[in-house]
Amino acid sequence: MHHYTFGDRVLSVTIYILLTLLAFSTFYPFWNALAISFNNGLDTSLGGITFWPRKFTLENYNIVFQDKRLLNGFVIALLRTAAGTVLSIICTAIFAYGMTKRELIGRKFYMVFGIITLYFSGGLIPYYLLIKDLGLRDSFWVMVIPGAISVWNMIIFRTFFMGLPAGLDESAKIDGCGHWGTFFRIVLPLSGPVLATLSLFTAVYHWNDWFTPGIYITKQNLLPIQTMLKQILNSNIMTEQMAQLDSAAQGAASRMRGITTKSLSMATMMVATLPIVMVYPFVQKYFVKGVLVGSLKE
Amino acid sequence: MSETTVEVLQAVPQKRLRARTITRFFKQWDLQLMVVPAIIFIFIFSYIPMYGTLMAFQNYNIFKGFWDSPWVGFKHFEMFFHSRDFWPVMRNTLVISLLKLLIGFPAPILLALMLNEVRKMVFKRVVQTITYLPHFMSWVIVAGFTISMLSTDNGSFNIMLQKLSLIDEPVNWLSASEYFWTILVSTNVWKDIGFASIIYLAAIAGVNQDMYEAAAIDGANRLKQMFLITLPSILPVIIIFMILAIGNLLNAGFEDILLLATNPALRDVSDVLDTYVYRMGIQSSRFSYATAVGLFKAIISVILLTIANLLARRTGNSLW
């Protein structure tokens, strides 16, 4: 059908080269970190590790998984992601379902009340003082409760619910279901795609958020792994840890095992990204859909 | 019917209507119970802080609290405008966000245009899968990669440049202020180029295919088709995102700067409004001062968004 001119060929080849370079430069830092995390630390410091480990070892991961604080950070991050996502999705979906009802008195007011918050916010400092006054500082719940209602997600849920067949509500009413019964027994089971998409984005936010715990939590045992990793990159923990390792008998052992700051932080980074990379292939189709839904409301 | 009777007839039901509304409100309590708690939640977590910005006009004292702290008018605003930090912070904010806009905004459009030309579906899917991934990684991880790549201790970037004989000794890129903006903008593009291209790819998918046929018959090659058909067709989408980007102009970045500019030597080039608010407010506990700076930023942002929208309305695309 098409006949390609010489110019088209040049364009095509250029595009393939540029895209390959882009994909490579995106992939390489990750792959390189992975290779370093599996390589003997002392050997790494000799240089030259690019794609494959030279002296393969699991020792870096061994140290990371034996470090009680890092393990605790991993568990905190999992708990926070699970609690935060479930709470936010349920509360926001209930809110959104109520907002679809025409007979809801004050519906317009509620909508404007919510939408204003998308454009204006009090900013960091008043919010910080509010959290402090609510007594949420140094509490696990500061990572969970403030995200319980998302107006943004409410609008997406609402759009989805309004697209469901209208007859559903009617038949549920005839069967004696109230609003809550209809929501939980009929609407929610039909909302698979939107639930999956919004849960994914909410979960990714919770897993990746290092800043909230960073400013509201000072207790080390409540910090999720991302915030700890930030401290490691600022080499707070790491110097401490190395000092501990270097102390007395352990020092010789660590030198023999060939552990360095770099190899340890790479292994920690891999552990902190692992859940994202693991679920990523399965959820790709959902997030592409999610972006499109999200852009409609913009 | 005379006008007075109409008024009387309307006045009576209105009173009754209000009474009925209240009864109806309580009658649908189960429905209201789905919404009212969320509204109260929004009131607490969004409206109370909004009201709290008034402390920009106070000398907020943490022991006296909001209600008993003395009012000082525009003192903190004047202090900020006259402070030594004002011009560097404003310059950094504008330069960094303009750089992000000039480079970070067209980059995903270009990527989408290029992906659209790829006929090998497997190749396309692989590129997409790889380039979308960094969007889902936290800034901590991305900063970790950047630090590792650029490190003088066998960082791959230094090694590559050495192999190409472009430098003799490893350069400590992240502690030299002249490279910081480049690193920051590149890292941002690296993280989000793929994900941001999704929306443009979707817009391209909606372009009428007949136009390409017609253009091919007229002898337009693919490069011409790209710029004369595809690009103009997705222009409305581009403009809408452009307006949003301009409204965000003062959001020069926050997490990325906090994580990459850990070296205090970089403060001259890395301090932007948001990090300044954080540093002054959270780290130095100058609550009122930091709130004033934040409020200043919010006001400028609203003005920018309004201007951008006015411009866009001329082209027939506007947000409101």
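Let's start with overall size. A compact globule of 320 residues would have a radius of gyration near 20 Å, but chain B comes out at 27 Å. Keep in mind that this is a predicted model.

Now the outline of chain B. Along the principal axes, its C-alpha atoms fill a box of roughly 90 × 65 × 40 Å.

What is chain B built from, in terms of secondary structure? Helices: 17 of them, and 0 strands.

Next, the contacts. Take those in chain B with a separation of 6 or more. Of these, 65% join residues 24 or more positions apart.

Of the 320 residues in chain B, 48% are buried. The chain exposes about 16700 Å². Carbon and sulfur atoms supply 65% of that area.

On to charge. Chain B carries 25 positive side chains and 20 negative ones. How far apart are the centres of the two sets? They lie 9 Å apart.

UniProt, in an unreviewed entry, places "transmembrane region" at residues 12-31, 74-97, 109-128, 140-161, 182-207 and 264-283 of chain A.

Let's look at two of those. Residues 74-97 of chain A are 100% helix and 0% strand. The C-alpha atoms at the ends of that stretch are 34 Å apart. Residues 182-207 of chain A are 85% helix, again with 0% strand. There, the end C-alpha atoms are 32 Å apart.

So much for the tour. To recap chain B: 17 helices, 0 strands, and a radius of gyration of 27 Å.

Technical notes. Residues numbered from 1 in each chain as written. Chains lettered and ligands numbered in written order. Predicted model: local features only at pLDDT ≥ 70, side-chain atom pairs only at ≥ 80, totals over all residues. Heavy atoms only, no water. UniProt positions renumbered as here; feature names shortened; annotations may be inferred. Helix = DSSP H or I, 4+ residues; strand = E, 2+ residues; numbered from the N terminus. Rg over C-alpha atoms; globule rule 2.2 N^0.38 Å. Buried < 20%, exposed > 50% of the residue type's maximum accessible area, 1.4 Å probe, protein only. Contact = heavy atoms within 4.5 Å. Areas by Shrake-Rupley, 256 points an atom, 1.4 Å probe, with all protein chains shown as cover. Lys, Arg positive; Asp, Glu negative; His and termini not counted. Charge placed at Lys NZ, Arg CZ, Asp CG, Glu CD.
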